[in-house]
Amino acid sequence: MLLQQLVNGVMLGSTYALVAIGYTLIFGVLRLLHLAHGEVFMVGAFAGLQLVLLWHFGPLVALIGGLVGAALLGMLLELVAFRPIRRRGNSHLAPIVSTLGAGLVIQELMSKYFGAEQSAFPSDLHSLSYDLGPVAVTGTQMFIVGAAAVSMIVLHLLVTRTRYGMALRAASDNIEVASILGINADTLILLTFALASALAGIAGVLVGLNFSAISPYMGIDMGIKGMAVMLIGGLGSIYGAMLGGLILGLGEVLSVAYLESAYRDAFTFGLMILILIVRPSGLFRTGLYPQR
Amino acid sequence: MLSSYWESVAIFTGVNCLMGLSLYIPMMAGLISLGQGGFMAVGAYVCALLTRADVPFGLALAAGGGAAAAAGVIVGTPALRIRGIYVMILTLGFGEIVRVFFATFEPTGGASGLGGIRPLTELWHVVVACAAALLLVCRIRRIRLGRALIAIHEDDVAAEAMGINLTRTKLLSFALGALIAGIAGGLYAHQALFIDANQFDFMRSAVTFLYVILGGAGNPFGPVLGATIVTLLPEMLRVVQDWRMTIFGTLLVGMAVWRPDGLLSALRPRGA
Amino acid sequence: MNALLSITGVSRRFGGYLALNDISCDVAAGHVHALIGPNGAGKTTLFNILSGILRPTSGRIAFEGRDYTGRRPDQVLKMGIARNFQHVRLIRGLSVGENVMIGAHAWIDRGMVGNALALLGLSSAERAAAEQARELLDFVGVGGKRREPLELPLADQRRVEIARALASRPRLLLLDEPAAGMTPVEVNELASLIRRIRDREVTVLLVEHHIRLIMEIADNVTVLSAGSIIAGGPPRVVQRDPAVIAAYLGTSDEPAFST
């Protein structure tokens, strides 16, 4: 039973991690809190759902659809809601206002088009089941964990082995440095939005599979949790976001299983507050938190 | 006088103006709270419970404000050592905690909410409250506290070097803002007559933020203007009513790109 | 003689970089004490430590005999040490007068009651702070000027910042390159201002590059180079010290600077 809960926790936690990594990538490069990221996650889920509903594709194609759809939306957001502000460069408040506004627009448009109620996310994986020793794992669970793991590994390789990844890490210190590496700052930012959004889109489809339902309002909850995870893991730390996501997922599942379900959200925010009081820079220090 | 429908609209407008002002104070210090809805909820529930126990309205409002202010201190304390983004995430999380709390706490109605609230709010209450809050905010600017808030916003290193205790000042700004939001909550509850956790969710906090951004965060009349426009416009134009969030969201993006200082500063020519 | 300010064995590391290496120095009350040295010598780092913005990696600092290592900047200010900044940090959102009144923030504190009175316009502390601001602006030579701090010429902005520091009624004033960017005429005015500050019984610790200014007004000079003290004493003595000359120029038989 415990093992079962652990598997659930890892599944949930990986989706949190994927979203939190997106926040972290964007914050690391731009010092921006992307308040529409939760909506990007939600749109990814719906993009995947459309592929399943309209053309009866399987979860893998849905995943790719969610990834692509979210990445496109993310890039659109960068071009429309962020780049014009970056050009002016005067207000630190403006980017936050802009992404918040964009998030509101996306949410209402999606809600008007798809209806405010939940939509079912069908999948053949639900019926598959495998036995791994004492635990019975469904096809869904294997798919989710597998997809999340692959995503994080690919991300790790991207960040550590490619020129883009090098520029990304350099830009986290200073955006000007990216141009020294021959990478245009504008392109770098656009790619970062795309990458972060793609991860969120993947998470969206995975969450849809996990709960077999999605709604236009799922972005708010995940958005807030993703930010909390970023904070817990340490601002700007990708690995912190991964670890923080897993901790949060496990904590939520375990507290629902062994305490009351009402305490689920209390765990999230209680942990966040604990970290803020005890270790405000988060699990992994990145130097982005101002110290004396 | 006004028909009872428009009187109701006026009351809600006033409540929203108070909410805008409640955010204005911490924003003077550069603290962006995305959790004012949470403070409003605390004030609303406390006030409603007290009037149910026959406590006089004025006292209940004050108690609701006081409870909210205490919450402001509690929320503000982890916010002291953090800046900018962290404050936003923290206050956002606080707002969510409050929402979840009232949605599951059975003694206050849980998910079914709290109903049967006495209709005690009248227009003059709201007008007086708004006037008082505006006066308070304008006066704060003229005294030691206001100078400290502005200094902290612009340059907290220099501010601290000049003897300003960052902790105390930031906490005070949180508490004052929460107090006003709590009173707004109490007034709201006794006009809406039914409250539940979902009325004080992130949307409430986000829209409060919209009031300030739209009207301008540089002047106390900014949030009032923003709140008035955002509340009245849907009443006047049906099409706005249906697409409220899209329009407001687009407004936010537009403001951010073209008028980051808000409408009010756009109307006033920059002094020489 | 008891030193007003005692710096003992202070070192400061930034990662692998040793910015200050075992600095020990005393500042006597009533003196104008200058801290000079080539760029990158660690002077501003030392100031940040003295004003509480940075903690030393090791060593202690004491003011009026009391160890205050590790205190916060606002606590340091309340003890009686005020400072200006190398790059003027006036608050743009406040008028010139209000900027100076910020300096008085600590001593006009009358608690919650005071805040309430001030809201009603009944605070004598507020009036006192405003009056003091007017007096200090006259004292530094900016009296009666315009209200927007950033519209003032640089020399006036520096003076306003000094007035702001003086508003806290300090016994020790830390001045970080107050003469930077000033014309010779303005430097003379600054020298006279520093003398008047000393006459008000405020000790001054001054970081400067303007050697002429230092020769004129400093009672004592400490020379810092690459994080270590290489010389100390009255200005004329230090001026001729070969180690000092070498630090500024490489090596030379000529005095590094003449007055």
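**Notebook: strands, helices and a chain contact**

I started at a strand pair in chain C: C:Leu224 stands opposite C:Ile229 in β10(C). The model is a predicted one, and I kept that in mind throughout.

**Chain C, the open sheet**

I looked up the two strands next. β9 (residues 220–225) of chain C pairs with β10(C) through five bridges, in the antiparallel sense. I then traced the sheet around them. It is an open sheet of six strands, ordered β6-β7-β8-β3-β9-β10 in chain C, with mixed pairing. I noted what stands at the edges. β6 (81–83) and β10 (228–233) of chain C each have a single partner strand there, so one side of each is left without a neighbour in the sheet.

**Chain C, a hairpin**

I moved on to β1 (residues 3–14) of chain C. It runs antiparallel to β4 (residues 58–63) of chain C, and five bridges join the two. C:Ser6 has C:Ala62 of β4(C) opposite it. I followed β4(C) onward to β5 (residues 66–67) of chain C. These two pair antiparallel over two bridges. C:Phe63 has C:Arg66 in β5(C) as its bridge partner. Together β4(C) and β5(C) make a hairpin, with two residues between them. I looked at the turn too: C:Glu64 has a positive phi of about 50 degrees.

**Chain A, two helices**

I picked out helix α1 (residues 2–30) and helix α5 (residues 139–161) of chain A. Their axes come within 10 Å and cross at roughly 35 degrees. The crossing of α1(A) and α5(A) is left-handed. I listed some of the residues that meet. Among them are A:Val7, A:Met11 and A:Leu18 in α1(A), and A:Ile144, A:Ala148 and A:Leu155 in α5(A). By class, this contact has nine nonpolar and four polar residues, and no charged ones.

**Chain B on its own**

I counted the elements of chain B. The chain has 13 helices and zero strands. I then checked its size. For 272 residues, a compact globule would have a radius of gyration near 19 Å; chain B has 18 Å, which agrees. Its C-alpha trace spans about 50 × 40 × 30 Å along the principal axes.

**Where chain B meets chain A**

How many residues of chain B are in contact with chain A? I found 31 of them, against 33 residues of chain A. On the chain B side, α4 (84–104), α9 (202–215) and α12 (244–258) each supply at least two residues. By class, that side has 23 nonpolar, five polar and three charged residues.

I took one helix pair from this meeting of chains. α4 (residues 94–114) of chain A packs on α12(B) at an angle of about 155 degrees, their axes 7 Å apart. An angle over 145 degrees counts as roughly antiparallel, and α4(A) and α12(B) are therefore roughly antiparallel to each other. The crossing of the two helices is left-handed. Residues in this contact include A:Val97, A:Leu104 and A:Glu108 of α4(A), with B:Phe248, B:Leu252 and B:Met255 of α12(B). By class, the contact of α4(A) with α12(B) has 15 nonpolar, six polar and one charged residues.

Conventions
Residues numbered from 1 in each chain as written. Chains lettered and ligands numbered in written order. Predicted model: local features only at pLDDT ≥ 70, side-chain atom pairs only at ≥ 80, totals over all residues. Contact = placed C-beta atoms within 7 Å. Helix = DSSP H or I, 4+ residues; strand = E, 2+ residues; numbered from the N terminus. Nonpolar A, V, L, I, M, F, W, Y, C, P; charged D, E, K, R; others polar. Axes fitted to C-alpha atoms, helices over the stretch in contact; angles between N-to-C directions. Parallel < 35°, antiparallel > 145°, perpendicular 65-115°, else oblique. Left-handed = near helix turned anticlockwise from the far one by under 90°. Pairing = 2+ DSSP bridges. Rg over C-alpha atoms; globule rule 2.2 N^0.38 Å.
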